[in-house]
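Hello,

Here is the structure I promised to pass on to you. Please open it alongside this note, and I will walk you through what turned up.

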Amino acid sequence: MSKVVLELSMSLDGFIAGPNDSPENGLGDGGEALFKWYSTGDTDFLLPGPDMVFKISRASAEFLRPSWLNIGASVTGRRTFDIAHGWGGNPPGGADAPYFVVTHTIPQEWVKPGSPFTFVTDGVESAVRQAKEAAGNKNVDLMGASVAQQCLKAGLLDEIQIDLAPVLLGGGVRLFDHLDNAPIELEPLAVVEGLGVTHLRYRVVK
């Protein structure tokens, strides 16, 4: 059964990007520390979609591979899309994992044949519904803090995976913010210690 899942690298103090993030400074000031673990291991890990290979620990690779290969579609916010420059038209996941971008206005320059992006102007619930239809039996992945928060508040998020980086950023984009319906109960599912990262997975109790 398809699930809506969230996986993001996060600092110990709760940030997924440093201060002053922008299209010119995608990870924010100091945000690259969140992703050191992508290049400090001895195991090749191919990112589905773009021609990119990470070097991570064997423990991280074995833990991540099943869930990454089970992503059938993604939902992202417009700000995340813009900061990533639309991933150059080749986002993580590849052609078989379409992206649904929640936005108020459609960027016409990205509306073209073969584009992996569908722009959704009627809210995150509609984007998740369309992504589930596209994903079939695979999971729907969320990208960005705002979309994650909206899905948590709407009761749409099923699992949360945090790739916890051993760093304190002190500011930036906080992942778990603006949660009007807190507290939200989580059931621990897994803890895996990688090299330079601790993977934590939870089920959202509904």
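**Around N139**

Leaving aside residues up to four places away in sequence, N139 touches M1, S2, K3, V5, N70, I71, G72 and A73, where a contact means heavy atoms within 4.5 Å. N139 is found in strand β8. Helices (H or I, at least four residues) and strands (E, at least two) are DSSP runs, numbered from the N terminus. With a relative accessible area of 7%, N139 is buried; buried means under 20% relative accessible area, exposed over 50%, and partly exposed in between, with a 1.4 Å probe and protein chains only.

Before going further, please note that this is a predicted model, in which local features need pLDDT of at least 70 and side-chain atom pairs count only at pLDDT 80 or more, while totals for chains, interfaces and linings use all residues. Residues are numbered from 1 along each chain as its sequence is written, and side-chain values use heavy atoms, with hydrogens and water left out.

**The sheet**

β8 belongs to an open sheet of eight strands with mixed pairing, in the order β7-β6-β5-β8-β1-β9-β12-β11. Two strands pair if DSSP finds at least two bridges between them. At the edges are β7 (117-120) and β11 (186-193), each pairing on one side only. On average, neighbouring strands of this sheet are turned by 25° against each other, direction ignored. Axes here are lines fitted to C-alpha atoms, for helices over the stretch in contact, and angles run from 0 to 180 degrees between N-to-C directions.

Strands β1 (residues 4-11) and β8 (residues 139-143) run parallel and are joined by three bridges; V5 has D141 in β8 as its bridge partner. Helix α4 (residues 145-154) packs on the sheet and touches β1, β5, β6 (99-102), β8, β9 and β12. The direction of α4 makes about 125° with that of β8.

Further along, β5 and β6 pair in the parallel sense over four bridges, and V75 has F100 in β6 as its bridge partner. Four bridges also join β6 to β7, again running parallel, with F117 in β7 as the bridge partner of Y99. In a regular strand the side chains alternate between the two faces of the sheet. In β6, Y99 and V101 point one way and F100 and V102 the other, and all are buried.

The twelve residues of helix α3 (residues 124-135) should span 16 Å at 1.5 Å a residue, and the end C-alpha atoms are 16 Å apart, which agrees; the expected span is 1.5 Å times one less than the number of residues. V124, S126, A127, V128, A131 and A135 of α3 are buried, and the buried residues of α3 pack against β1, β5, β6, β7, β8 and α4. After α3 comes G136, whose phi is positive, near 65°.

α3 and α4 pack at an angle of about 90°, with their axes 10 Å apart. That makes the two helices, α3 and α4, roughly perpendicular (angles of 65 to 115 degrees; under 35 is roughly parallel, over 145 roughly antiparallel and the rest oblique). V124, E125 and V128 of α3 meet V147, Q150, C151 and A154 of α4.

Q108 is found in the loop between β6 and β7 and counts as exposed, at 55% relative accessibility. Q108 and F119 are eleven residues apart in sequence and 9.8 Å apart in space, C-alpha to C-alpha.

Best wishes
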